[in-house]
Amino acid sequence: MTTKTGRRGESPTDEFQTLLLSRLSHGDLAGDEKRVALQVLAILNPSDGMRWAALASGGLDRKRLSLFRALVLIPDDFRLHINLSNLHIQTDKGSQAVRSLRRAALLEPGSPRSYANLSALMPGSAKRWKFQSCAWMLGASGEMGTGQIERQVSRGQIFEPLEVVEKILQSSALTGDIWRLRGVLLQCLNKNDESCRCYCRELVCNPASLNAHIAAAGYFIEERAFARATGLLDRADILAPGALATIANRAAILERTGQLTEALTIARRLVVLEPGNGMRYFTYGTVLHDLGSVRHALDNMRRAAAASPDDLRFRNNLAIMLLKSGRYLEGLAAYEDRWYAPVETSSTERTLWPCASYDLPLWEPDQSSDGKILLWGEQGVGDEIWGLAYLEALAARPEQFTVEIDARLVPLVRRSFPSVTPVPRRLDTPVDISDFQAQLPLLSLPHRMGLAERQTPAGWLRPAPDRVAAVRHRLTGGTAVRLIGLAWRSTKPLQHRSFSIEIERFSALLDVGDAVFLPLQYGMADEEWSVLVGLFGEERVVRPDFDVRDDLLGLTDALAAVDVVVTLATAIVPMASAVGTRSVALLQPVQRDWRYRVGAQHSAMLPYATLLWPPSSKDPESICRAVRDALQ
């Protein structure tokens, strides 16, 4: 007896399977018909694992049964393990999903999908980042990788994302958007030349990239090269007319060039268009602050922090705005975030950007012990001088305190706080922390010690009276005159925040009788000395006989000897408070230093200082009146 065959020698069963497969491939079957067809194919081929895998549809129980049968037949197919993990996720079996994905990753280490799915299941951000970066390096979505890097940057993390970017560049130097990201990361580390080269390479690799033009424009805005930034934004407008990122960068240029009304209009529009974007509120708040509306600026900084709660930049700026508003209790508590912002940095840069410099726990004053505590100065000399004032609160503590500070401040601490051990900061030799139990950055003392709402201690740096008298006699020649200190410039090239006033503004002081003037400006040029002599007369100007910049012991002695000092918002102001000498600060419309409470004539953070804001800081009569009041 012979078996009946169909076309091309196929059995009826084979022919039927061929027909079903053809109709499935052409999409002729759907719904229940498709499900029945897959069931038939699986029954006709019970040893074909892919048939059972294809049948994994419908209810969860049916899916699970079909996938298990497929895995029994093809246990080494990583795709089946990924599908099974998806089924576990649907049934809230996270741990089983992780096991399935780990098996998939072991079977196919080069598959980005396993790592991308694992990252979504990880409870901690560190593990999530580990798997996300692996997925990206293996070719996962560039948009996913870009977003991950940018989220890491917003959290102040730089080195780990940079390592991932470098690995990607080693495998493919033309990967989309990678040069831009490398430029962003290097710019956070103040490696501006390398950052600029990265943006240029990104533009060469992808001249139609909007993000590359925006990032390069942002770089030039930070460098205050506004013409170049504007050119890049013009090209960005051609690539994507009306892009909000382009508009936001134009607002930044207007704000930094003092065109505040125009900047405010754009910033307000951006907030309306993107109410969930924290950066839009931040820009709006910055412009409002520059216009002197601190209350409204604070409201927008709160919104920025609420919209992006993980972004340390917004939390840090909210803290500064709270402090500028005089809300010291809330502000100093929020200011603790400065320690982790704006980015990770090496220990050699901690004087510029606060960071976790030492592998020690933070000191908790309420947990008294007799251990050794390491305090360390931060940011700049003026900030360190201000923070050192709070060492007074440690006098009765049982702990042994060491403070690492600028080497120029070491003799001052030894003189004023004999119970505290000062250590000069050496960028090439970190402090040996083996003997210390805890650490604390210096500016955290008022918050940690519960002193946030009290006036900053003053006069702690004042020399002995006989020393002050000797210095004053040396400077004045023993004559009975009023001695007025002067400083007119602050140089901060790394932060592009250098500022100065014309020496001629001190001409208002000509009417102060029986006064001689002592310039306390570091780096005073011969031309500036000549201007002073021409303004006051040679007999009324005293040239300092010490190095104003490096001999801070001599500078504080001189500040203690003068009757009043007139200056800008420089380190001279907190230093004058420390020695108990009155100062008159001639301020700009916008002061970055939060200790100068906006619009106020006095600040609890700067005792003995009179704050003159525009227009008073530019008015000769107001300046002269403030100096006369200080002399009384």
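Reader: What makes the largest nonpolar core a core, and which of its 90 residues touch the most other members?

Author: A nonpolar core is a set of buried Ala, Val, Leu, Ile, Met, Phe, Trp, Tyr and Cys residues joined through side-chain atoms within 4.5 Å. In the 90-residue one, L375 and L445 touch the most other members. This is a predicted model, where local features need pLDDT of at least 70 and side-chain atom pairs count only at pLDDT 80 or more, while totals for chains, interfaces and linings use all residues. Side-chain values use heavy atoms, leaving out hydrogens and water, and residues are numbered from 1 along each chain as its sequence is written.

Reader: What does L375 touch, not counting residues up to four places away in sequence?

Author: Contact means heavy atoms within 4.5 Å. On that basis L375 touches L391, L394, F401, T402, V403, E404, L440, L442 and L445.

Reader: Why does T476 count as buried?

Author: Buried means under 20% relative accessible area, exposed over 50%, and partly exposed in between (1.4 Å probe, protein chains only). T476 has 12% relative accessibility, so T476 counts as buried. Leaving aside neighbours within four places in sequence, T476 is in contact with V481 and L483.

Reader: Why is α11 called roughly antiparallel to α12?

Author: The axes of α11 (residues 178-188) and α12 (residues 192-205) come within 8 Å and cross at roughly 165 degrees. Angles under 35 degrees count as roughly parallel, over 145 as roughly antiparallel, 65 to 115 as roughly perpendicular and the rest as oblique. So α11 is roughly antiparallel to α12.

Notes:
Axes fitted to C-alpha atoms, helices over the stretch in contact; angles between N-to-C directions. Helix = DSSP H or I, 4+ residues; strand = E, 2+ residues; numbered from the N terminus.
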